[in-house]
Amino acid sequence: MATELCTACSTITLSMLATGFKHPLDYHQALESKDDCQLCALLINAYDNQICANHSRDYILDSKLFQNGVFTQTDVQAANSPRNLCLLRDWLRECRLNHEACRRGSHSGETFDDYHGTTALPFRVIDVGPSDGSEQPRLLTTHYRAVGRYLTLSHCWGRIPPLKTTKKTVEEWHEALLWDQLPKSFQDAIWLTRELGERFLWIDSLCIVQDDPDDLGSQIQRMGAIFETSYCTIAATDAKGSDGSSMIDQGLFVRGPSNIKEAHLRLRYGLPTNDPSPNESENVQKARSWLIEEKATLSDGVYDVFIQEYHHRVPLNRDVMKKAWSMRGWVFQEQELSRRCIYFTQESLLWRCNQYWESEQTGTPERRESNTNFDFDTLGTTGGYTYDVNFNLLRFWQSSMERYSKTKLTYVSDKHNALKGMEERLGTRFNTTFRFGIFNFKAKDAQDVLLQQLLWARAASYCGSLRGDPNFCCPSWSWMIIDGPVVWTDNALVTQPEVCSKAHFGKQLADGLQELHISGLGKNIRIGTPIGKEPQSYSGWYELASDLGISVLSDISDEAIGWVVLDTPDAFSELMAIPQLQYFRMDDEEEPVCVDFLAVVEMLEQHRRDEQERYYRIGRGRVNKDAFTWLEKCERRNYIIV
């Protein structure tokens, strides 16, 4: 039902609302009217938040209402409402027919035929039956010999695991999945698949035999293909609550209480009351163009619009990122690999494809948010040095792993498994092999790319180490050894990397650890007090702005020459530095060269498997002062790091 307006607000037209106008009432008059007129109340809210008001005058100037996303053409409805189902079908149809970028997997680079549905189905899927629900859903084993379109469900398992296929139930469920046994999210996903006119759905806990190690292992390896090939992923974003704490699966179609005031207006078309200004926002410019296009259909009638009170509007992808679902480790690659995704949240229905983000409240006119995938093929230049495709893959992987390392897993043993889908997709495209989250090219010598990956650091002082964890065997040179977020130092102000060492992977040991062989230079180092505990200036060392718990690297005279970030708070008596790369600095003319190194400690004799010396990585550092002299004092050595 449309909101009743005061006499002054009744004069506002659609054109005025979209392009800006001087409100008939001043601030004090609107303040008196706000209890009886919802639009006056929303304008006062916008005025108080300084988003649509000129405080140098005594009237309300709401030309920024549209710019700040409070003017929309649709209201929020139930996620499974007829209008939203039509919207989902339109999004899918438009994307399938018109979006070239969405036919291509962003990780593998493969092209998929969504129009004819000629893609091979996964090894096992759910046949949801006809759209009228006349048949029970059932498991279908395809042996990769059937083709078609299928949807995937991304969901949190939560504290209570969902219904799982086992060796005992797999044959029975090929006859029928008992509806009453299915969690609410599974029921909703099956219903939605039917409503969208599709026949097949993939859900991990049902389509993988969970107590069969062979089936589990083979399907984990294929997770990349499963989600990248999928026609669309359904995200049960808030099925376990926005914070993921609910013990009960509430299903896809949840709606939380809305604390945002909203006014439903029926406005005449009218004419803009102001002329375009040179600094007019892009959204208002689009509004003017849209009004001209729609004039023929709108000028003789009224138009429904919804105005919401001001709230700090953030990009749609950030709305999703703050959800507990988004912080789950397995969900990370499911989001990354999916070409299209439907998000069911408590606040609204969201859509994302390789081309754009949108919601059920997109605004008037076009207010889609572009979604740009990482461009692996475009070369970049920094400081006169051109970076190739190898370096692009490095940047993408490091950025992705920084985000992945912040996610949570129920079982630490899944830390590598939950990435194998992404690794398989990228490995096939770029001819690389992955070992514990570090990649290496098979057919080319790209030592600088491998060495830069080894130079990770824990992102905060509270991170623990997984070394010795019986549930996860991981070598010390991998960032996966850290129980928490990791980062790679921002190298925006250094250029022209030159290798100081050569590295290659050696044999895999009986306990699962992987040897890393490094041939190069090395020297003993001294670590001083943590930076920040001394009243000493480290001007020009831009890396120190990050909160990594950095310690001073000292020379024999106790003068600071660089920094070190240790992987653990343990004290070590003798540390060895292995130089990896040297760079030219663009931020320091007096010290134009810096050297990045790994800090290692020799494995104790009682921990060795044989007489050969081996080392643990225990940190990384950088020499910023007199780097050439420091390198000259290094001795050539060979190292085996486990």
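The exposed residues Pro213 and Asp214 lie on the face of helix α8 turned away from its buried side. The model is a predicted one, in which local features need pLDDT of at least 70, side-chain atom pairs count only at pLDDT 80 or more, and totals for chains, interfaces and linings use all residues. Residues are numbered from 1 along each chain as its sequence is written, and side-chain values use heavy atoms, with hydrogens and water left out. Buried means under 20% relative accessible area and exposed over 50%, with partly exposed in between (1.4 Å probe, protein chains only). Helices (H or I, at least four residues) and strands (E, at least two) are DSSP runs, numbered from the N terminus.

In α8, which spans residues 213–221, Asp215, Gln219 and Ile220 are buried. These buried residues line one face of the helix, because they fall within an arc of 125° when seen down its axis; the arc is that of the directions from the helix axis to the C-beta atoms. Their cover includes β4 (124–127), α9 (223–229), α12 (329–337) and α14 (420–430).

Helix α14 also meets α13 (residues 389–404): Val389, Leu393, Phe396, Trp397 and Ser400 in α13 meet Met422, Glu423, Leu426 and Phe430 in α14. Contact means heavy atoms within 4.5 Å.

Ser501 is found in the loop between β23 (494–499) and β24 (502–508). Ser501 is buried, at a relative accessible area of 2%. Its C-alpha atom is separated by 4.3 Å from that of Gly520, 19 residues apart along the chain. Leaving aside neighbours within four places in sequence, the residues in contact with Ser501 include Gln447, Leu451, Ile518 and Pro579.
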